[in-house]
Amino acid sequence: NLAYTYNETRDSTGVQMNNIPLQILKAGLDWSPADLPVGVTAALSYTGKATTPYASTKLNYGEYATVDLSGRYFLDKARHQQLNLSVQNLFDREYGRFYRGCGDRLRDFPLGCSLPYPYQSVAMPRTVSISYRYSF
C-alpha cells in the first residue's frame, strides 16, 4: 500500500499554517504466502516539515521517518493460531512535536501567558512486542 498527501494549507498572508505538515507519506509491504506458515510486514511513515509558533518566532519540526517491522508464524495449518513479533520505530528515531507551555498560573493560560516556553512531546522509542492470536 502507498499513500501520499501534500498539504499546501496557507493562511490569508500566504504562510503555511502551523502544525500542519507539508507532506505525509505512508508505505507498507506485506508478504504472506499461502503455502508457508510465515508472514512479514514492513511499514514506513514520513512526516514533512511543520512549524509551530513560539513567542515572537516559529519553531520547525517534522521531517522524520520511522520504520515498523513485524513477522508472524502460524502454529497450525488452518491458521487459527498465530505468534507475532513486532518492532515499532525500528531504528529508534527520536522525533516529536513542539507545543507551547505557560509558566504562569494555569488559570491565566492561554490569555495571560507572560512566561511561554516550548516543549516537545517525544514519540515512542523502539518498542518490541510479542503476541499470540487465535482466530475462529
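Lys-58 sits in strand E4, which covers residues 57-74. Strands here are DSSP runs of E with at least two residues, helices are runs of H or I with at least four residues, and both are numbered from the N terminus. Before I go on, this is a predicted model, in which local features need pLDDT of at least 70 and side-chain atom pairs count only at pLDDT 80 or more, while totals for chains, interfaces and linings use all residues. Residues are numbered from 1 along each chain as its sequence is written, and side-chain values use heavy atoms, with hydrogens and water left out.

Back to Lys-58. Its relative accessible area is 37%, so it is partly exposed. The cut-offs are these: buried is under 20% relative accessible area, exposed is over 50%, and partly exposed is in between, with a 1.4 Å probe and protein chains only.

What does Lys-58 touch, leaving out residues up to four places away in sequence? The list is Val-15, Gln-16, Asn-18, Thr-51, Thr-52 and Pro-53, where a contact means heavy atoms within 4.5 Å. Take Asn-18 from that list. Along the chain, Asn-18 and Lys-58 are 40 residues apart, and their C-alpha atoms are separated by 8.8 Å. Their side chains are joined by a polar contact of 3.2 Å. A polar contact is a pair of N or O atoms within 3.5 Å; within protein, one must be able to donate a hydrogen and the other to accept it, and residues adjacent in sequence count only if both atoms are side-chain atoms.

Next, charges. Side chains of opposite charge can pair when their charged atoms come close. How many salt bridges does a search of the whole structure find? The search finds two, a salt bridge being a side-chain nitrogen of Lys or Arg within 4 Å of a carboxyl oxygen of Asp or Glu.

Arg-10 has a relative accessible area of 41% and is partly exposed. Glu-8 is also partly exposed, at 48%.

Asp-30 and Arg-72 form a salt bridge too, with their closest N and O atoms 2.7 Å apart. Asp-30 is in strand E2 (residues 23-31) and Arg-72 is in strand E4, so this pair ties together parts that are 42 residues apart in sequence. Arg-72 counts as buried, because its relative accessibility is 15%.

Now the backbone. Most residues other than glycine have a negative phi. Glu-63, in strand E4, has a positive phi, near 55 degrees. Asp-92 also has a positive phi near 55 degrees. Where is Asp-92? It lies in the loop between strand E5 (81-88) and strand E6 (96-102). At 35% relative accessibility, Asp-92 is partly exposed.

On to the rings. A pair of aromatic rings is described by the distance of the centres and the angle of the planes. The structure holds two aromatic pairs. For Tyr-64 and Tyr-95, the ring centres are 4.2 Å apart and the planes are at 20 degrees, so the pair is stacked. Rings of Phe, Tyr and Trp (its six-membered ring) pair if their centres lie within 6.5 Å; planes under 30 degrees apart are stacked, over 60 edge-to-face, and the rest tilted. This pair links distant parts of the chain, with Tyr-64 in strand E4 and Tyr-95 in the loop between E5 and E6, 31 residues apart. Both count as buried, Tyr-64 at 15% and Tyr-95 at 19%.

Tyr-134 and Phe-136 form an edge-to-face pair, 5.2 Å centre to centre, with 80 degrees between the planes. Tyr-134 is partly exposed at 43%, and Phe-136 is exposed at 90%.

There is also a charge over a ring: Arg-79 lies over the face of Phe-74, 4.3 Å from the ring centre. The criterion is NZ of Lys or CZ of Arg within 6 Å of the ring centre and within 35 degrees of the ring normal.

Last, the chain as a whole. It has zero helices and eight strands. Of its 136 residues, 18% count as buried. Among contacts with a separation of 6 or more, 47% are between residues 24 or more positions apart. The accessible surface is about 9,500 Å², and 58% of that belongs to carbon and sulfur atoms; the areas come from the Shrake-Rupley method with a 1.4 Å probe, and for residues only the protein chains shown count as cover.
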